[in-house]
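Please open the model in your viewer and keep the selection panel at hand. The stops below proceed from a whole chain to single residues.

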Amino acid sequence: MIAPSATLELGESGEPQLLEVSLGPQHPSTHGVFRMDVSLDGETVVKLKPVFGYLHRNHEKIAEKCSYLGSIPYTDRLDYICSLTNNWAYAMTVEKLAGLGVPERAEYIRVILSELTRLINHSALAGFLLQDMGALGTPLMYAFREREKILDLFESLTGARMMCNYMRFGGCRCDLPPGWIEQTKNLVANFPKFLDEFESLLTGNEILRARTEGVGVLTPQLAVNAGVTGPMLRATGVNYDIRKVDQYGVYGRFKFRVPLGERGDVFDRYMIRILEMRESLKILEQALRDIPAGPIIDPKAKLRNLRPKAGEAYGRIEGPKGELGFYLISDGGPNPYRYRIRPPSLINLTILEDMCLGRTIADAVVILGSVDIVLGEVDR
Amino acid sequence: MEALEQLKARVEAAVPGAQAEIVPNGSPANQPSLSLDCGHARTVAEFLRDDPDLRFDYASNVTGVDWPEKTIKEKIKVKKLVSGVEKEVEEVCERKTPAYLEAVYHLYSMARKHGPLILRLRTENRSDKVTLPSLTPVWRSCEFQEREIFDLYGIIFEGHTDLRRILMWPEFTDHPMRKDYVEPDDYEYEPTPHDDVLTRARQHYPGGTPA
Amino acid sequence: MIDEGLRTELSRQGVVTTTLQELYNWGRKSSLWPLQFGLACCAIEMIATSMARFDIARFGAEVFRPSPRQADLMIVAGTVTKKMAPQIVRLYNQMPEPKYVIAMGVCAISGGPFKEGYNVLKGIDRYIPVDVHIPGCPPRPEALLQALMTLQDKIDKQPLTGDNRPPHLDASAPGEFPIPAFGQHDLEPPNNPALWQPPPMTRAE
C-alpha cells in the first residue's frame, strides 16, 4: 500500500477511536485500480467509501469523435475479461437505432460466443474470489486452464485471444472455420468434468463455508432499489434475467433455468455462478445442435459511413456481470451525438458500503470479490 | 406496458400540477420519452415507483446530455407585399434552439417485467442555472450515476446525499464531457497528422523542413 | 577475460570459473520479482503469463510481491491515467534499487488507443525511466516472456564499473523521481523534462 495510508484519530481522553485505512489503488485484492477508504473501529468496518476513476479512459468522449464502426474495438476494452458480450450489446443497440435485422446463423453464433464468455467470466471469478480468501493461486490456475481452452477457440475464430472485435451491425464479421463446431462440442462435453472437480474441491470446504456463509447479506428490496443486476441480484432471490425477460437474440428458443439464491450472502453468489455455468453448458449444447446454415451478416447492412436517422435507442443484454446497456443518441451524422454505457459493475458497487458495515475488514475484501467488478467497466 | 400517452395522462391525474411532455424519437427503436418539469419530478418518480400497476422499481440508467445552442436556418413561406401585389415568398429565417443540459432516466420494472420508461429532466441553461432535483432518494441506483453527471457535465443535483467528483480528481475544475471542453494542449509526435491535429502540429513544430 | 578453451577444459575437470560481473548479473536476472501491479486489460494477460500454460515461473519470476519494498521489477500493464500517475511514480520511488520497469502494452508506451482522452497519460515514460517496451494491445503472453528475456539480456550486459554502470551503482544518479501534482486542468508538470522530451519531427510541407 502507498503511504500515507493510515491515520489514527484520538478521542478526548487520548484513547484511539477510528483507524482510517486506504486500501489503495495498488493492492493485491482489489481487482484492479480500485480504492476503498475504510474507517475501522478495531477490526470492524464503520464507514467505507469506494474511490475510483483511476482507469477513466474517456471512452464516451472518444466515441463522439469516432464513427459507429470505429467504436467497436473500444467496447472490447470495457469489461476486458468478456469482450464478446460487450460487442454484442453495442451491436444490438446500433441495430435498434438503425433498424437493421440479423440473420439466424449470426444470432446462433452470438449466443454460442456469449455463453462461452459467461463460462470464462464465472470460472475466473471463482478463481479470483478464492485467491482473495487465501487460496493463493491454485483455484485460479485450474480456472485459467479452462479459460485457455476457450481462448483457443476464440483465437481460431476471431483472430485474437481477448480483444475479439467480432460482432458487426447486422451480424458477425466472418464465418466459423471448418471444424470449429466439433471442437466446441468437445469442449462443452468435457467442461462438466472440470466443474465437478472444482466443486468437489471447493464447495464443501470448511474454510470457504466459514468465510462466506452469512457474510455480505443483501436484501432483495435494497438490491432492486439500488439497481443491482446479474448474479448478485439473483442471489438475493429476485428472478430477473434479461435473457428471459427481453428474450433478445434467439434466447427464447432455448430451455434453461435461472438459478436463484436464498440468503443473498457471498456463498449464494458463488454457488449461483457455478450453477449458471452449468446452465450455460445446456444452452451451448442446444445451440451447437441447432445452428442453421446461412449468411452471417445482413447483406443490406452498411458498416462504414453508417448514418442512422436522428433519434435514440437503449439496448441491453444480460452480461456475465449484470445488465450491460448502451444508450446512443444520433443526430444523423456519422458519429454518435451521445454514447453512454450503463456499466453493471459500477451500479453493483452502490451497496458495497451497506454490505460491509459491521463486518471485519477481511470480510470486506471477500465481499468486494463477490461483487465481481472489472475496473475497465466501472471507470470506462 | 401501456402506451406513453396513457401513462402521461395517469401521471398528470395522480400528481396535480405536474407537466409532462412527450418527446418523440425518430429512430426505428420506438422509444419515446417523457419530459418532466423539475418542480414535481420527485413526486412523479415516487408515484411511478409505488403505483401498484406500474411498479417502476428499477432505475437502470441515468445519462447526462449536453445540448448547446444551435442556429437552424429554415425556409418559411411568408406573405409579403412585392411591388404592390401580395405574394407568398420563401424567406430564410434563423432560429436558435435553446441551450440546456439534460438528465435522462431509463426505468424498468422488475416486479411487472415491463419497460423501458424514459424520463427527461432539463436545466434552464448551460451556464448558471444548472440544478436539477436528485432522484437518489427514490432509486438508490442513481447515486453514483448522478455523481458522474455532476463530475462530467456540471449539473448540480439537489437532495443528493454525497455530491462530489467521482471519476476525476477533486482539484479538477472542468466538466470534460461538455461539447465546448478544450483539452490541455499537449501535443507530441504523430506520424500522419490531419485535420485539427495538423493545425496543432504546425503550431508546435513550425517550419516545413523536408524530412 | 579468460581463454574459452581453458575455461571448458577446467569445467571438464570440475572447476567453474567466472567473473564477478557474470555471477552478480546471473543472480539478479534469474530471480526478478515483479510487483503485483496490473492496471487494465494487459494485467489479465500478465496473470495468464503466470499461469500454467505460459509459466513465468521458469524465469524465476512467479513470485509477484504485493509490496513495492520487496519487488525489483515493475510491469506497468495497462493504461496509465492522469489520476493514477502520481501513485505509480510513488510506487516506483518506494522500490529499492536495482529496479527495472517494463512498459507492457501500447497504452503504457504512448497512451495507446485512448491517446485522445483527457484523463489518459500519453505513456509512463514521461515520469519514470522504462527499460523494455512491449507493443501490442494486449501483447500475447509469449511477448511478455520475450520482453523478460530481453530484460535479462540487458541485465547481463550491465558492467559493474565504468560509465555505463547501472544507476544503483552510481552515486550521482537520481534515486527518486518527482511526483506530479493534481492541477486544475492537467497534471503539473505534464512530464518530467529531465526524462522525456517530445520526439523531434521534421515536417515536409
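A residue is called buried under 20% relative accessible area, exposed over 50%, and partly exposed in between, with a 1.4 Å probe and protein chains only. This is a predicted model, in which local features need pLDDT of at least 70, side-chain atom pairs count only at pLDDT 80 or more, and totals for chains, interfaces and linings use all residues. Residues are numbered from 1 along each chain as its sequence is written, chains are lettered from A and ligands numbered from 1 in the order in which they are written, and side-chain values use heavy atoms, with hydrogens and water left out.

**Chain A as a whole**

Select chain A, which has 15 helices and 9 strands; these are DSSP runs (helices H or I, at least four residues; strands E, at least two), numbered from the N terminus. Its C-alpha atoms fill a box of roughly 80 × 50 × 35 Å along the principal axes. Of the 380 residues in chain A, 66% are buried. Among contacts (heavy atoms within 4.5 Å) with a separation of 6 or more, 70% in chain A link residues 24 or more positions apart.

**A buried threonine**

Next, select A:T117 in helix α4 (residues 104-133) of chain A. Is A:T117 buried or exposed? A:T117 is buried, because its relative accessible area is 1%. Leaving aside residues up to four places away in sequence, A:T117 touches A:C82, A:S83, A:L84, A:T85, A:F154 and A:P320.

**Backbone exceptions**

Most residues other than glycine have a negative phi, and most peptide bonds are trans. A:N305 sits in the loop between α11 (266-290) and β7 (311-319) of chain A, and counts as partly exposed because its relative accessibility is 47%.

In chain B, select B:K113, in the loop between β6 (100-109) and β7 (114-122). The phi of B:K113 is positive, near 55°, and this residue is partly exposed at 40% relative accessibility.

Finish in chain C. The peptide bond from C:C137 to C:P138 is cis, with omega near -10°; C:P138 belongs to the loop between β3 (132-134) and α6 (141-156). Another cis peptide bond, with omega about 0°, joins C:E188 and C:P189, and C:P189 lies in the segment after β5 (187-188).
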